[in-house]
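Please keep the sequence and the structure in view while reading.

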Amino acid sequence: MTGVLDARDRDEAIRALAAGPLDVLVIGGGITGAGAALDAASRGLRVGLVESRDLAAGTSSRSSKLIHGGLRYLEQGDFKLVREALRERDLLVSRLAPHLVRPVPFLYPLYRKVVERPYVGAGLVIYDAMEGVKRPVPHHRHLTTRGALRRAPALRPDRLAGAMVYYDAQVDDARYTVTVARTAARYGATVVTRATATSLLRDGSRVTGASVLDEESGRVFDVRAARVIVCAGVWSDLVHEASGVRAGYQVRMSKGVHLVMPRSAIDADTGMIVRTSKSVLFFIPWDTRWIVGTTDTDWSGDRAEPAVTPEDVDYILGEANRVLARPLTRGDVLAVYAGLRPLVAEPAGESRAGDRAGDKDGEKPTTKLSREHVVDAPLPGLVSIAGGKFTTYRLMARDVVDTATADLPGQVPASVTALLPLLGADGLPAVRASARRLADDYRVPAPVAGHLIGRYGSLATEVLELIRADRALGQPLLGGFAYLRAEVAYAVSHEGALHVEDVLARRVRLLIESPDAGVSAAPEVVAIMAGLLGWNRRRRAAELRRYQDFAAANAAALTATGPVPEVESAAPIPA
Ligand SMILES: Cc1cc2nc3c(=O)[nH]c(=O)nc-3n(C[C@H](O)[C@H](O)[C@H](O)COP(=O)(O)OP(=O)(O)OC[C@H]3O[C@@H](n4cnc5c(N)ncnc54)[C@H](O)[C@@H]3O)c2cc1C
């Protein structure tokens, strides 16, 4: 039980799942499923997890990448959600994952003299007060107009009436999800990707496992488990329907789009949050990039790769341009990505009650639907969860495992994940303090050691060991980026990557960071993966083509021409 997900051990992992029986089978390898697997495995249960595509391939690699209380939920009066989320944020920053979750400042520009500052200021006082007593992130602060422009010269100065700065935290969502899954494996969970649960096994009305399709070989195998937990995000309804299960909730999909831009496009040394007519727009610093978003629109199309439309791009640019001195153009946009929020809508029967109250759930905008999670136990042996936020995944995992195991024979211990640092968090202060010595020991430049510690925490030495064994792996993967070739090898040998997309979209983030969606790095990735996974020439060519097609589909929304339309908005910025 090492916490290693070696892609070369996949067949063995499938055999282990098929041999069963398990205490708990988790369906879905997003943050909720990875969290549930960790929660259950760390209580001493025998756990398996199957994921259709790759860890975090669904919504959990496509978020705003914030670990936050959600300032706007405060305005909606959702105090419970905000309080829980802030406590989780602080736990992750300070104890569970300080190598992955980092505080980030946000500037909130004010445009209405007199009224806005007390209103926003009061909100931030509550936001700050909802944290625990020990604060791992700083308090909010007031800025004058001059102070605001010093932090963010990119803002239009006209009508700016000062600003507030408050703190939240940010994370590489896909890396975090993989780390949670690896930590689950560290406590004994068996994790298999590219494996789809196609139907549930039954003994009478009791669910006793799932039939699973190995997407790589086409073989089908059964996994027996005392409890099955569905963590399939926006696919939940499909999993229920495939087995004729009537769940107590329905998932409504809300699409959220982000644009990625170079840091030079927006002159600011802090993140920013501005109001829009529908919600808020974030400018999130992301290493050498900005991530700007998001949108919130109903979606009913393809769940796997929701399409970004030129209108989505123009909406974000238009809203951003309302507050920026130098307007952004489509030429500033390096990449786009879209994700689907698995929002919980009321089940059919209850939504009719809503109608009577004049609040038709079917017509409720998705910005207004609850971000809280719902746990449902539709059949004996089956529990299902959806909704929630990345930030609160640990609580969601605890709740769903509590429900699933409530009537298991023998006493199942309570959740221990609040006390369990993720892999890479152990010994972090010592590794950070020893960065220079590590660079010397492994004969790599100091920034390389710093880069690896920043991404892997105390596991950085595992990547450095690969470089020690093969110096060529110490070379950059792609000019202009800090990623190393060793990170590709590590993605295969320790992080379960099976295809080029798994590496370029989620283990390193070149899909959304590089102007060509990582296509120029793909041949190198294929070469490194081929050496480890034994790909022949035909397979190499097929893998390369598969990635090129995937990247091209992602870039399609940026081909629109013509000026960015101006946004008409009822929001009070600028008035
Ligand atoms: C645009 C956007 C921005 C967001 N920003 C934030 C944010 O900043 N902070 C925050 O806290 N939250 C944020 N969220 C919410 C957060 O990202 C989601 O709540 C979370 O990622 C959902 O995780 P999940 O595991 O439930 O779903 P997913 O990540 O979608 O995982 C479900 C998995 O189940 C798999 N699956 C489906 N069917 C099967 C099957 N039959 N067999 C096996 N596997 C199956 C899928 O392949 C998928 O990987 C955002 C969401 C969006 C869309």
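Helix axes are lines fitted to C-alpha atoms over the stretch in contact, and the angles run from 0 to 180 degrees between N-to-C directions. Two packed helices are described by the angle between their axes and the distance between the axes. The model discussed here is predicted.

## Helices that cross

With that in mind, helix α4 (residues 79-96) and helix α11 (residues 393-405) have axes that come within 9 Å and cross at roughly 105°. Angles of 65 to 115 degrees count as roughly perpendicular, and α4 and α11 are therefore roughly perpendicular to each other. On the side of α4 the contact is made by E84, E88, L91, L92 and L96, while α11 contributes Y393, R394 and L395. Sorted by class, the contact of α4 with α11 has five nonpolar and three charged residues, but no polar ones.

Helix α2 (residues 31-41) takes part in a crossing with helix α7 (residues 173-186), where the axes come within 8 Å and cross at roughly 25°. Angles under 35 degrees count as roughly parallel, and so α2 and α7 are roughly parallel to each other. The crossing in which α2 passes α7 is left-handed. In this contact, I31, A34, G35, A37, L38 and A41 of α2 meet Y176, T177, V180, A181, T183 and A184 of α7. The residues of the contact of α2 with α7 comprise nine nonpolar and three polar ones, with no charged residue.

Helix α2 also crosses α11, with axes that come within 8 Å and an angle of roughly 60°. The helices α2 and α11 are therefore oblique to each other, and their crossing is right-handed. From α2, the residues I31, T32, G35, A36, D39 and A40 make the contact, and from α11 the residues Y393, M396, A397, R398, V400 and V401. By class, this contact of α2 with α11 has eight nonpolar, two polar and two charged residues.

How many of the residues of α2 are buried? Eleven of its eleven residues are buried, and α2 is accordingly described as mostly covered. Among these buried residues are the charged D39 as well as G33 and T32. The elements that the buried residues of α2 pack against are the strands β1 (22-27), β2 (47-51) and β18 (382-387), together with the helices α7 and α11.

## Salt bridges

A search of the whole structure finds 38 salt bridges. The table sets out three of them, with the distance between the nitrogen and oxygen atoms of each pair.

| Salt bridge | N to O distance |
|---|---|
| R10 and D214 | 2.7 Å |
| D296 and R341 | 3.5 Å |
| R539 and E543 | 3.0 Å |

The side chains of R10 and D214 meet in a salt bridge. Because R10 lies in helix α1 (residues 10-19) and D214 in strand β9 (residues 206-214), this pair ties together parts that are 204 residues apart in sequence. Both R10 and D214 are buried.

The salt bridge of D296 with R341 has its closest N and O atoms 3.5 Å apart. This pair, too, links distant parts of the chain, since D296 is in the loop between β14 (289-293) and β15 (297-298), whereas R341 is in strand β16 (residues 335-345), 45 residues apart.

In the pair formed by R539 and E543, both residues lie in helix α20 (residues 537-555), four residues apart, which is about one turn of the helix. Is E543 buried or exposed? E543 counts as buried, because its relative accessibility is 4% and buried means under 20%. R539, with a relative accessible area of 31%, is partly exposed.

Salt bridges can also join into a network, as those linking D54, R194, E501, D502, R506 and R507 do.

## A residue in a loop

Finally, V308 has its place in the loop between β15 and α9 (310-321). At 15% relative accessibility, V308 counts as buried. V308 and P138 are 170 residues apart in sequence, and their C-alpha atoms are 36 Å apart in space.

Note on methods:
Residues are numbered from 1 along each chain as its sequence is written. This is a predicted model: local features need pLDDT of at least 70, side-chain atom pairs count only at pLDDT 80 or more; totals for chains, interfaces and linings use all residues. Side-chain values use heavy atoms; hydrogens and water are left out. Helices (H or I, at least four residues) and strands (E, at least two) are DSSP runs, numbered from the N terminus. Angles under 35 degrees count as roughly parallel, over 145 as roughly antiparallel, 65 to 115 as roughly perpendicular and the rest as oblique. Contact means heavy atoms within 4.5 Å. A crossing is left-handed if the near helix is turned anticlockwise from the far one by less than a right angle, and right-handed if clockwise. A salt bridge is a side-chain nitrogen of Lys or Arg within 4 Å of a carboxyl oxygen of Asp or Glu. Buried means under 20% relative accessible area, exposed over 50%, partly exposed in between (1.4 Å probe, protein chains only).
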